[in-house]
Amino acid sequence: LLKQTGFWVAVGLAVAAGGIGFGAAVRSNRAHPHNTVTAARGTIAEEIIVTGRTQPVNSVELAFSRSGRVIAVHAGVGAYVRAGTAIAALDRRTHEAELAQAKANVAVEDAKLKNAGLAAADAARGLIDKVSDSYTKADDAIRNRADQTFSNPRSANPQLNFAADPSLEALLKNERVAMEGVFSAWRAWLDGLTPTSDPSPVAATAKVNLERTAAFLNQLALALNTLRPSAVLTQSTIDAWRSDVSAARTNINTASSNLTTAEEKYRARPGEYAAALAALDAAEAKLGTIRVDLDETILSAPISGTITRQDAKVGQIIQANTAVTALISGEGHEIEANVPEVDIGKIRLANLVTITLDAYPGESLGGRVAKIDPAETIVDGVVNYKVTIAFARGDARLKSGLTANLAIETEKKTDALVLPQSAVIENDRGTFVRLADRPDNETPVQIGIRDRNGNVEVRSGIGEGERVLDVGRRTAP
């Protein structure tokens, strides 16, 4: 019994001793349950992590724009071709025949245009000739034939050589004086014409002058019709005057008719020339269309690169606009990735990007944001935006379709106050830290950017060098 009693006393003392030690350890852990970190200045960069795939900078699928039978395939899969190189060809015999016909049509219409041009030039020369002939006939009618009936006809005071009605005599004398001015101006206009002059204005003036000359001759003929022989005026003289004036009137009528015909012919020529020019333009346009058709029987590489697909086979009938060949450029690769809507607002063109490829683990490559699509892309019902990343330098190992892990740097600060994310408490009440010298109090802080290494920028609330409990990391028991 005493032994048993001693045993239980010993056990009780041991438990009591253990309890005192455990309590001391608990009190010690409550006082210092966490490691501490010091707020220090340094560089911190915020990044967005996404995944994309490599693709050629340029890639195209090629198709013939018209249907036809393949007569040649010049390059197969894996072949490198330069821009402009023929890859495949369709039968072009029909187009070649059409081309020959179109060239012949152009030659015919060109000849018609030249003839129309020559005809227009002839019409212009013909009109000038008729204007000149009109002047000659009018000059002869007045200064030769009519002037026989006047004394001093070209002076400022011509006189009739016979008696006539006073009013008619006055009209004839005044008009004869005026005709000298008409002929002087008419001659000057004719002398000013050149082979390239437009004869229309002078022709219009000539018509007016002929009408005036005809009117003068009509009045003179009227006066002569009243004459009777006298002691000073024989019948033969009267007959000669009447005959010459009649011939003059006939010549003037002929000149007027010829001038009108020449003028109508001249006016018609521009329309004929324009029609011939339009016909030539149409023929040349048709020729151009056929040449395009002929060119489109050749499938050529629009860029330099490597053929990745060639479905064209000799003898095969190809349908228009059906892709038969694919080509990727030799200009290098880029990466295309989808960035979620919540992150796209942070990304800017030329942002630096760290790239790692699953095909080459342990290596990282540099790049920059080269393009941000303005339109959304829906992926599994979620709004994303397509971003294109350009490699900083080329790498011969790159291939199309490689998985690329991207860290897009959206903001970087070189003199920021930095703490580990684990030292920051974030809850519904706000964002806090616990200072080492006041471990039971939460000090409010304002947080800025975060990096992928678990660090955050502290914008306010604590200062450089202050020690903070690393609340997310406890000390070992």
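Visitor: Of the 477 residues of the protein chain, what share counts as buried?

Guide: Buried means under 20% relative accessible area, exposed over 50%, partly exposed in between, with a 1.4 Å probe and protein chains only. Here 35% of the 477 residues count as buried. The model is predicted: local features need pLDDT of at least 70, side-chain atom pairs count only at pLDDT 80 or more, and totals for chains, interfaces and linings use all residues. Residues are numbered from 1 along each chain as its sequence is written, and side-chain values use heavy atoms, with hydrogens and water left out.

Visitor: How many helices and strands are there in the protein chain?

Guide: Helices (H or I, at least four residues) and strands (E, at least two) are DSSP runs, numbered from the N terminus. The protein chain has six helices and 23 strands. Its radius of gyration is 54 Å, well over the 23 Å from the globule rule for 477 residues, so the chain is more spread out than a compact globule. That radius is taken over C-alpha atoms; the rule is 2.2 Å times the number of residues to the power 0.38. The C-alpha trace spans about 205 × 65 × 35 Å along its principal axes.

Visitor: At what angle do helix α2 and helix α5 pack?

Guide: Two packed helices are described by the angle between their axes and the distance between the axes. Axes are lines fitted to C-alpha atoms, for helices over the stretch in contact, and angles run from 0 to 180 degrees between N-to-C directions. Helix α2 (residues 93-145) and helix α5 (residues 235-295) pack at about 165 degrees, axes 7 Å apart.

Visitor: Leaving aside neighbours within four places in sequence, which residues is Tyr80 in contact with?

Guide: Contact means heavy atoms within 4.5 Å. With those neighbours set aside, Tyr80 touches Ser304, Gly305 and Thr306. Tyr80 sits in strand β5 (residues 80-81). Tyr80 is partly exposed, at 48% relative accessible area.
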